[in-house]
Amino acid sequence: MKASVTAEREVQDPSLAVAASNVPRYTSYPPANHFQPGIGAKLAETFLAAIERSKQASLYLHIPYCDRLCWFCGCHTKQTLSYAPIQTYIETLCEELRLLRNRLTRKPPLSRIHLGGGSPSLLRPAELAALKQAIDATFTFEPGCEISIEIDPSDVGSATIPSLTTFGMNRASIGVQDFDPQVQKAINRIQSYEVTRHVVEDLRRNGVNKINIDILYGLPHQDIARLLSTVEKVLSLKPERIALFGYAHVPWVKPHQRLIPEASLPGPEDRVTHARISATAIRDAGYVQIGIDHFSLPGDGLAMAARNGKLRRNFQGYTDDQSDVLIGLGASALSTFPGGYLQNHVATGRYSAQIKSGMLAHDRGFALNDDDRLRSWVIERLMCDFAFRRDDLVNAFGADALGLWNEACALAQGELAKIVSVEHGSFSIPAGSRHLARHVASHFDAYLSSNAFKYSKAV
Ligand SMILES: C[S@@+](CC[C@H](N)C(=O)[O-])C[C@H]1O[C@@H](n2cnc3c(N)ncnc32)[C@H](O)[C@@H]1O
Ligand code: SF4
């Protein structure tokens, strides 16, 4: 029997059973596995018009290549030891930008550009310059436009950071995961503290002071001492933001995760303890906890957005970006519009063939109805603020939304009685239950039971 299944059966504490349950991460509602294949191109006809109307948009560019394959990885990426496929892919991405440009009558203003992957830190100056030129030809830039790039420290040579800053990078997101040698061996990701520190220093020397670092709990062979040692090392680098993600072990989606023996993974009880103790150490160092898995220094934009009720959640996770349009380009990239969602073909070959034939590469899509919008709002507020107010719900959606409020009150008296409360017109998840926010949100998900898809653990 699989270790995690055994662990789930052995959980006696009801809140641990909840933590061990499999639920979506809610970076969108409904989650992307509910998008319907084949309808993307049709939906794009109406959705793309929203780009024309929007005051500002965000751009996400997906680079699905790495020069290593970490066994824990859940991203859409593949390993390549040759640069040629990356060069060809960037030509296709520039062509996709040109196809989009042909559909627009003006250059929309961008508030954010994010290069994610995969490892965009593999891009060389010529490809970065071509991409920048294609973006400049399609969009204008809002003052203070944030340009963030995901960096695998093992890619970084002496020319890497200067070429990324020439592209315009003003925020860097660095993957650490765990510094312990035994954990690193078990996830096939060797990365020393010294190499990581050198990258952070190089970034700051080149004027990039906004630095995010990712840590994972729930990895093989992790114990609290190892995790806290990683947390301390990350804290010593003084990043502006830290993401503390729970490792999503989904070998039915990512078969390479089978290289991680399930018996080496911490069980549900350890995951909850590891998440809680690491979060306390990060908070004690002066960081503000943001949502379920982020931390930032108090003066950072995320902390300010959280204080002002302006925190948002999109496909990249928590953001202070207020754009209602997120344009995703590249294989598998996801887009958000007021009317719904689109996803490009996931397979790089299929995506590239479509672009080369002169058509945008939208495959899957979802058109939101009124009930979806209501539930999407409630789930986003729960994931961001751990609460929502009856009056705000009614202000946003009118008296029809009272049905959902009554549903929330019934949950607070029934199934969720031990982990939520309703007081003074506010439905909230108290501090002690906030790690269960995904589970609470799932009770507002009208599609959850209709889908056989298996998600990752709630904590
Ligand atoms: C695209 S990767 C980061 C950039 C770069 N490729 C690197 O590895 O340093 C984005 C982040 O996703 C997170 N991630 C990847 N696979 C995950 C999984 N299975 N569960 C949870 N988080 C995961 C990791 O923390 C990782 O740093
Ligand atoms: S964690 Fe980063 S470097 Fe490792 S395979 Fe995933 S995207 Fe590539």
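Modeller: This is a predicted model, in which local features need pLDDT of at least 70 and side-chain atom pairs count only at pLDDT 80 or more, while totals for chains, interfaces and linings use all residues. Residues are numbered from 1 along each chain as its sequence is written, chains are lettered from A and ligands numbered from 1 in the order in which they are written, and side-chain values use heavy atoms, with hydrogens and water left out.

Biologist: Where is Gly 118 found, and what kind of peptide bond joins Gly 117 and Gly 118?

Modeller: Gly 118 belongs to the loop between β4 and α6, where helices (H or I, at least four residues) and strands (E, at least two) are DSSP runs numbered from the N terminus. With omega at about 15°, the peptide bond that joins Gly 117 and Gly 118 is cis.

Biologist: Is strand β4 largely enclosed or open?

Modeller: Buried means under 20% relative accessible area, exposed means over 50%, and partly exposed lies in between, with a 1.4 Å probe and protein chains only. Strand β4 covers residues 109–117, and nine of its nine residues are buried, so the strand is largely enclosed by the rest of the structure.

Biologist: How many bridges join β4 to β5, and which residue of β5 is the bridge partner of His 114?

Modeller: Two strands pair if DSSP finds at least two bridges between them. On another side of the pairing list, strand β1 (residues 57–63) runs parallel to β4 and is joined to it by seven bridges, with Arg 112 of β4 as the partner of Ser 58. The strands β4 and β5 also run parallel, and the number of bridges between them is six; the partner of His 114 in β5 is Ser 148.

Biologist: What handedness has the unit made by β4, helix α6 and β5?

Modeller: A crossover is right-handed if, with the strands pointing away from the viewer, the path from the first strand over the helix to the second runs clockwise. Helix α6 spans residues 125–138, and the β-α-β unit that it makes with β4 and β5 is right-handed.

Biologist: Which strands each supply at least two residues of the shell around ligand 1?

Modeller: A residue is near a molecule if one of its heavy atoms lies within 4 Å of it. Of the 20 residues around ligand 1, those that come nearest are Phe 72, Glu 150, Gln 177, Arg 189 and Asp 214, and the shell divides into eight nonpolar, eight polar and four charged residues. The strands asked for are β5 (140–151), β6 (171–177), β7 (210–217) and β8 (241–246).

Biologist: How far is an oxygen atom of ligand 1 from an N or O atom in the side chain of Asp 214, and what share of the ligand's area does the protein bury?

Modeller: A nitrogen atom of ligand 1 lies 2.8 Å from a backbone N or O atom of Phe 72, and for the side chain of Asp 214 the distance from an N or O atom to a ligand oxygen is 2.7 Å. Taken alone, ligand 1 exposes 570 Å², and the share of that buried by the protein is 89%.

Biologist: Is Phe 386 buried or exposed?

Modeller: Phe 386 lies in the loop between α14 (370–385) and β17 (387–389), and has a positive phi of about 60° although it is not a glycine. Its relative accessible area is 8%, so Phe 386 is buried.

Technical notes: Polar contact = N/O pair within 3.5 Å; in protein donor to acceptor, adjacent residues only side chain to side chain. Areas by Shrake-Rupley, 256 points an atom, 1.4 Å probe, with all protein chains shown as cover. Nonpolar A, V, L, I, M, F, W, Y, C, P; charged D, E, K, R; others polar.
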